[in-house]
Amino acid sequence: MEIAIFAAGCFWGVELNFSKVDGVKETQVGYIGGDTEDPTYEEICGKTTGHAEAIEIKYDPSVIGYEGLLEKLWEFHDPTTLNRQGPDQGTQYRSAIFYLDEVQKNIAEKSIAALDASGKFQNPVVTSLEVADKFWRAEEYHQKYLEKKGITIACVS
């Protein structure tokens, strides 16, 4: 198994979408990219920690590669809106790829450049590339939140 970490707005819908991708074996939502130890959801919402709501994906690279996960990321959210997805606003909802090594960073850079060049979006891609630091697992009630509520389809921004 390998790991990918993405931020793409509210983590509930992103988790639901990725959980349905062939080759994705496990997902968990949490917080990354800030400067507070073991942040809580309330602290994240206070917009003072610097963290993003994110999803950690464990996947089987023999079924789907990192490139394929990035293609899904581009389908699952709007990478052209800064610190916003749908009605959710703030840096905790930023579009970001948290890379674990230089290989992931290089693949992500190429994917962002190709997406920008494709003309798929009217505005430029603003997804940030950030080195992955500590991923803090979100509170249990956030894990598989939409699934627990009986929601099987997540909206895509």
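Reader: What kind of model is it, and how are residues numbered?
Author: It is a predicted model, in which local features need pLDDT of at least 70, side-chain atom pairs count only at pLDDT 80 or more, and totals for chains, interfaces and linings use all residues. Residues are numbered from 1 along each chain as its sequence is written, and side-chain values use heavy atoms, with hydrogens and water left out.

Reader: What is the strand order in the open sheet?
Author: The order is β7-β6-β1-β3-β2-β8, six strands with mixed pairing. Strands here are DSSP E runs of at least two residues and helices are H or I runs of at least four, numbered from the N terminus. Two strands pair if DSSP finds at least two bridges between them.

Reader: Which strands are at the edges?
Author: β7 (128-131) and β8 (136-137), each of which pairs on one side only.

Reader: How many bridges join β2 and β3?
Author: Eight, in the antiparallel sense, between residues 24-32 of β2 and 52-59 of β3. I32 has A52 of β3 as its bridge partner, and G30 stands opposite A54.

Reader: And what about β2 with β8?
Author: That pairing is also antiparallel, over two bridges. Y31 has W136 of β8 as its bridge partner.

Reader: Is β2 buried or exposed?
Author: Seven of its nine residues are buried, so β2 is largely enclosed by the rest of the structure. Buried means under 20% relative accessible area, exposed over 50%, and partly exposed in between, with a 1.4 Å probe and protein chains only.

Reader: Which strands does helix α1 touch in packing on the sheet?
Author: Helix α1 (residues 11-19) touches β1 (2-8), β2 and β3, and its direction makes about 165 degrees with that of β2. Contact means heavy atoms within 4.5 Å. Axes are lines fitted to C-alpha atoms, for helices over the stretch in contact, and angles run from 0 to 180 degrees between N-to-C directions.

Reader: And α4?
Author: Helix α4 (residues 102-118) packs on the sheet against β1, β3, β6 (95-99) and β7, at about 150 degrees to the direction of β6.

Reader: Which residues of α1 are buried?
Author: F11, G13, V14, E15, L16, N17 and F18. They pack against β1, β2, β3, α3 (66-76) and α5.

Reader: Which ones in α3?
Author: Y66, G68, L69, L70, L73, W74 and F76 are buried. Their cover includes β1, α1, β2, β3, β6 and α4.

Reader: What lines it?
Author: W12, E15, L16, S19, K144, Y145, L146 and E147. The elements giving two or more residues are α1 and α5 (145-148), and α1 has the largest share, four residues.

Reader: Which residues have positive phi without being glycine?
Author: Among them are D38, at about 45 degrees, and N83, near 55 degrees. D38 lies in the loop between β2 and α2 (41-45), and N83 in the loop between α3 and β4 (84-85). N83 counts as partly exposed because its relative accessibility is 22%.

Methods. On a 1 Å grid over the protein atoms alone, a cavity is a set of points where a 1.4 Å probe fits but cannot get out, and a pocket is an open set with protein on both sides within 12 Å along at least five of seven lines; lining residues have an atom within 4 Å of a point.
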